[in-house]
Amino acid sequence: MRVNNARAMRIDGFALKSSAAAAAAIGANRRPARARGRSGSEEVKTESSGAKRLRLPVTLFLVSLLIPWIITVGPMRMSAYRFVLLIWLFPCLAMWLSGKAGRIRLSDISLLLYCSWCFLAISMIHGFGYAVQPSGMIFIETMGAYLFARCYIRDAEDFHAMVLLVFKLVAFMLPFAVVEAVTGRNWLLLAFSSINPTFPDNYLEPRWGLRRVQSVFEHPILFGVVCASALAPVHLVLGYGATFAERWPRTIVIAATAMLSLSAGPMTALSCQAMLLGWNWLLRSVPSRWGILCGLITLQALTIELLSNRAVPVVFMSYFSFDESSAYMRVLIWRYGSASVLNHPLFGIGFNPWNRPDWMTTSIDMYWIVDSIRHGLPAGLLLLVTFFSIYLPVAFRSGLGEKSSVYKTAYLITMTGFFLVGWTVYFWNATYVVFIFLLGSGVWLLDVERETGRSGRVTAKASEPARDDVKTVPEDDLVGIARRAGRRTARKGKDLDTSNYRTP
């Protein structure tokens, strides 16, 4: 078909001005393909894509999480990661509103409503003047960390680069954690405190003859939860396509570091992820393996409810504790905490002491109930809506390439671990920010519109209707098409329109 010289020959979306440009386009077609999403910024690449450097804001953010300095600015208690979040908060908001982070989703709105409700609830309990500072910090740590992931983790390569940096940070802490566990001294925290004030060294009673490692976090449990959250991503994402010798040493590094916390919460996260990874491997040839697992878990929960004199959450908390007293304390936290929510369902109790026996600890070691106690039932429900409005759509996302499917599994296993451990641990400061960031780091899986599998075939967008007039040719045939187009162009001075060809 002859067209005007001003028009360019097009092969699979590449504009060709001459035979030389045609050859260049064919070369580009052999390299990893990139596709524009609806927002114009969602980039989807092939499975064979090379390594990609993590963007500077994310690098600074993740590294800052390991800096335990307390920096006082007027009445505010700042830290390194809070400064990073504050600096990039408004650029991330602008990217999100302009559509550069993909389309606005239910999780975005529910998390924004959560922050707004916290401000309203604190204002109702403590007054408007008091509410500005804590509400502002909730917004920075919640929407700031979430938008960081939404804006800068946009494809499989971003996700891989993020997991790689997290692994390096955990591996960096491992030797210091071993020394702390054996000697009983937190040398890493001491080194930071010699430069600038940090939070105190929280020495707890040793277990198994070893100190419970705190490292650069406020509590050993938080150190363990952060390290344990990297188990599934490191094993599956960094281990994708790797040999046994390349995959397992990294996995062991993550597990060993998290276990040095000697805390039940991190052990729960590790156990949960390990069992899910094992299930995924054993039944890797069964497409419906996750449906089978959900059915078995549901059956087990119903059996416990019918035959046991304890509720399912109580049974769960009792089995994932180092000692009986800790398990009993968590059961009491659930009972008195839920009673507090029912007594103050709308705006909660703010930062006032919660109703409990005098001999109980003031700490509420249960993340999923804390916001309902402090800021009312709407705050807790909005947080759960945010979690499941990402978790469930990602879980049911289909049509992904092989690599992205593996990445999806890693993300879901990590979030499952966080969800379970959140019933026995409270996330705060850096650990809370890590949870929110990782929660948002999987939204890119919902924005994937087409991918390439190992076979090198490009799958069409799920939303794109089938076209009967589109011919499908092998990729190698494009070389011949381009050469013939170049000869025809030189001979007739015209360009050939081959827009009706597309790589399979």
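Mentor: Please keep in mind that this is a predicted model. Let us begin with a pair of helices, α5 (residues 128-152) and α18 (residues 430-440), which pack at an angle of about 35° with their axes 7 Å apart.

Trainee: Why give both an angle and a distance?

Mentor: Two packed helices are described by the angle between their axes together with the distance between those axes.

Trainee: Okay, and is the crossing of α5 and α18 left-handed or right-handed?

Mentor: It is a right-handed crossing, as α5 passes α18.

Trainee: Which residues of α5 and α18 meet there?

Mentor: From α5 there are E141, T142, A145, Y146, F148, A149 and R150, and these meet Y432, V433, I436, F437 and G440 of α18. Sorted by class, the contact of α5 with α18 contains eight nonpolar residues, two polar ones and two charged ones.

Trainee: Changing topic, what volume does the largest pocket have?

Mentor: Its volume is about 1,600 Å³, and 42 residues line it, with L276, L293, I297, T416 and L420 lying nearest the centre.

Trainee: Which elements give two or more residues to that lining?

Mentor: Those elements are α11 (264-282), α12 (289-307), α13 (312-319), α16 (377-395) and α17 (402-421), and the largest share, 10 residues, comes from α12. As for the classes in this lining, 31 residues are nonpolar, eight are polar and three are charged.

Trainee: And how about the second largest pocket?

Mentor: The second largest pocket has a volume of about 760 Å³ and a lining of 30 residues, of which I138, F351, R374, Y426 and W428 lie nearest its centre.

Trainee: One last thing, I clicked on W96. Is it buried or exposed?

Mentor: W96, which sits in helix α3 (residues 80-98), has a relative accessible area of 4%, and because buried means under 20%, W96 counts as buried.

Trainee: What does W96 touch, leaving out residues up to four places away in sequence?

Mentor: W96 then touches A101, I104, D108, L112, L147, R150 and C151. Take C151 as an example: it lies 55 residues from W96 along the chain, yet the C-alpha atoms of the two are separated by 6.8 Å.

Key
Residues are numbered from 1 along each chain as its sequence is written. This is a predicted model: local features need pLDDT of at least 70, side-chain atom pairs count only at pLDDT 80 or more; totals for chains, interfaces and linings use all residues. Side-chain values use heavy atoms; hydrogens and water are left out. Axes are lines fitted to C-alpha atoms, for helices over the stretch in contact, and angles run from 0 to 180 degrees between N-to-C directions. Helices (H or I, at least four residues) and strands (E, at least two) are DSSP runs, numbered from the N terminus. A crossing is left-handed if the near helix is turned anticlockwise from the far one by less than a right angle, and right-handed if clockwise. Contact means heavy atoms within 4.5 Å. Ala, Val, Leu, Ile, Met, Phe, Trp, Tyr, Cys and Pro count as nonpolar, Asp, Glu, Lys and Arg as charged, and the others, Gly among them, as polar. On a 1 Å grid over the protein atoms alone, a cavity is a set of points where a 1.4 Å probe fits but cannot get out, and a pocket is an open set with protein on both sides within 12 Å along at least five of seven lines; lining residues have an atom within 4 Å of a point. Grid points are joined across faces, edges and corners, and a volume is the space filled by probe spheres set on the points. Buried means under 20% relative accessible area, exposed over 50%, partly exposed in between (1.4 Å probe, protein chains only).
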